[in-house]
Amino acid sequence: MDVILKGKYIIKCKIKAVTGLHIGEGNNSLEIGGIDNAVVKDAEGKPYIPGSSLKGKMRSLMEFAEGKVRDNLLVVSVKREGKPEICIHMCDDLNCPVCGLFGRNHGSHDLKSGGKIDLTDAVIPTRLIVRDAKLIESSITDEMKENLDLEWTEVKFENNIDRITSKANPRQSERVPAGVQFSAEFVINRFEVNSKDDQKYYLEKFIKAMKLLEDDYLGGQGSRGNGKVRFVDIEIFYKDSSDYEKDSSELQPIVTAKSLDDLKLS
Amino acid sequence: MAADSFESKTYEIEILTPTIIGGQDKIQSFEFVREGEYLYFLNFDKLFEKNLFKDSFIEELSRGLSSGARDFNIKDILKKYSIDFKKAVKYRLRLEGVTSHCKEVVAFVKSAGRFYIPGSSLKGAMRSSITKALSKNLLQLYENALSNAYQKALNKSRVDSKFVSRDADEKIFGTPYESPFKYLKVSDSSFADQESAGIFEIKVLNICSNHAKWFSRNGNIDDPSQATAIVAEGLKPGVKLYGTIKAEKDLIEGNSAVKGLKEKLLTSGASSSPYEFVAQILSSVAKDYIQKEISFYSKYNQKQIVSEYQKLLSILNSLDKNQFLLQIGFSTGYLSKTVGIFFNKNHFEKLSRVDTQSKIYPDIFPKSRRLLFKDGNIWTVPGWIKVTIR
Ligand SMILES: [Zn+2]
């Protein structure tokens, strides 16, 4: 297979938490003096959105939206007691928007419907790169800050109520309050595969994934209030592969938009 | 798959009766000042920052705080040191006909200081109502879970009253990973401004030997004006808040329990969206509940509350297909939160063994109700909201 890099689309934007946002640490270790269900933080102790969380969520939303959630199109990613527990879509169709944008893993995989699929020949470099989204400190106003339980975050209590006794079982979790913004960056590689140029195909698919995420949620406790996000102050740049040979020059965005609603690729 | 199944819709909450979503905290008497028609909530950081006072003020303050705040009055101390507390106020709320002394205030849940309704509260109340609409043989599983817990208690095994229904919940809806409620996504609401919130007074009606009495620390009494009051931050009637909601097809088709609901309710056979379906369930459950409460309050001659519930009933009867009524939050009582509305004396006898911390009188349970008061008079029931999905 011939793969040529034609250029890169770079999408810079802010991710605004419209409701509280909880992206967990992933491990349940409880640091001393820490709280249950902490949010993931960077080396400076500030909350951030890991690129892997964004990418994983967008991928799973796209799998549904592109009609790829069918047993013969799903591979088993995690097994429990010999049964498939977590499945993701992966296939060898070179035109698949999900695998094309989010990537495939090498080697042989178990299909959910039984049997195996080997993707080695279909693997090309992943088009989408998602960077960690860093906290924009100024998005937390002084007034908000005065009312936070922790330096950048708050503690939310949730009660599970027993349907027979009405006794509450409170659980706490840390979250970033609504209104906070993060600066995000996505890169989409534009390839020419076997003489076929991607053009803007994957950029358009990526924007679809952004829209799907706005209508869903990011992170934990999303079905119970958390994790509504919006993409704002969007700028899209294009760097042709020939630009990398030139002396650096100021790159101008090809598209800007206040929000996804205003975004037109033309 | 239809494209619109990815789209979320907007919900509008209209507060019908004062609604209190309790946070984890109570605001202590030294944290606010009552003046005129308002409670002013102090910002201690600002008080200290402004450095408006002498060391002796801090000493007096900390003495007051450590003494358990019994006869401690922050207003007197602020006055003594001529500190203008209004320069160090976080927010102020109007007293909505509160006549009792405000010893402590039940705090409304807030995000970075802003009032809102958590998606979890709205969803939790919806789930609780949907559970009440289940078929008899599924509700039987709750009775079985209660019987099992009762047997355990008789055998002197430890029963955790927080997890009595868990077994039945899982049998009906599956594990959280399989639950149809995964497909109901309710965001937190928008924020309410200070004018939308107020301070409300609640008193506890208790049925004692077939008569309505009022709870006070000195026992149950006839005169409600002498009864003990709970004071709480709440949202005022008429206030509207917004958020997003997504009800996917699998909410009503993903699990046999909820599928059964559909067969039970959609008699006309008309195809209904998950939103309309949910609204239909919630309205029918609310209607049943309101009618039961009307007969309860009629029996004990509580005319004001009966007329409040009749008003709710007439709102309920004029709802559109995309609307429903729900009771949420603090002080809404045992029946609102549980499947206990289907229990009888036998069940409550078992419950009294399972939950030994609560006072459970099998002949009449629950025998108390928390009601809102205004200007010293019985006013209404807390927590009723109207939800519209667009
Ligand atoms: Zn694929």
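These legends describe close-up views of a predicted model. Local features need pLDDT of at least 70 and side-chain atom pairs count only at pLDDT 80 or more, while totals for chains, interfaces and linings use all residues. Residues are numbered from 1 along each chain as its sequence is written, chains are lettered from A and ligands numbered from 1 in the order in which they are written, and side-chain values use heavy atoms, with hydrogens and water left out.

**View 1. The zinc ion and its protein donors in chain A.**
Donors are N, O and S atoms within 2.8 Å of the metal (3.2 Å for Na, K and Ca); water is not among the atoms, so sites may look incomplete. The site is tetrahedral, with angles of 102 to 116 degrees among the four donor atoms. Four donors count as tetrahedral if all angles lie between 85 and 135 degrees. Along the chain, the donor spacing reads H-x1-C-x4-C-x2-C. H89(A) is buried at a relative accessible area of 0%. C96(A) is also buried, at 0%. Buried means under 20% relative accessible area, exposed over 50%, and partly exposed in between (1.4 Å probe, protein chains only).

**View 2. An open sheet of five strands in chain B.**
The strand order is 9-14-1-18-15, with antiparallel pairing. Strand 9 (184-186) and strand 15 (323-327) stand at the edges; each has a single partner strand, so one side of each lacks a neighbour in the sheet. The twist averages 30 degrees from one strand to the next. Two strands pair if DSSP finds at least two bridges between them. Helices (H or I, at least four residues) and strands (E, at least two) are DSSP runs, numbered from the N terminus.

**View 3. Strand 14 of chain B and its partners.**
Strand 14 (residues 240-247) is mostly covered, with six of its eight residues buried. Six bridges join strand 14 to strand 1 (residues 9-15), running antiparallel. Here K240(B) is the bridge partner of E14(B). Strand 9 and strand 14 are also antiparallel, joined by three bridges. V186(B) stands opposite I245(B) of strand 14.

**View 4. Strand 15, strand 18 and helix 10 of chain B.**
Strand 15 pairs with strand 18 (residues 384-389) over five bridges, in the antiparallel sense. F324(B) stands opposite V387(B) in strand 18. Helix 10 (residues 303-317) lies across both strands, at about 155 degrees to strand 15. Contact means heavy atoms within 4.5 Å. Axes are lines fitted to C-alpha atoms, for helices over the stretch in contact, and angles run from 0 to 180 degrees between N-to-C directions.

**View 5. A salt bridge between K208(A) and E66(A).**
A salt bridge is a side-chain nitrogen of Lys or Arg within 4 Å of a carboxyl oxygen of Asp or Glu. The N to O distance here is 2.7 Å. K208(A) lies in helix 4 (residues 201-214) and E66(A) in the loop between helix 1 (51-65) and strand 3 (74-80) of chain A, so the pair ties together parts 142 residues apart in sequence. K208(A) is partly exposed at 29% relative accessibility, whereas E66(A) is buried at 18%.

**View 6. A salt bridge between K345(B) and D363(B).**
The closest N and O atoms are 3.2 Å apart. K345(B) is partly exposed, at 44%. D363(B) is exposed, at 64%.

Terms used: Tetrahedral: all angles 85-135°; square planar, octahedral: opposite > 155°, others 65-115°.
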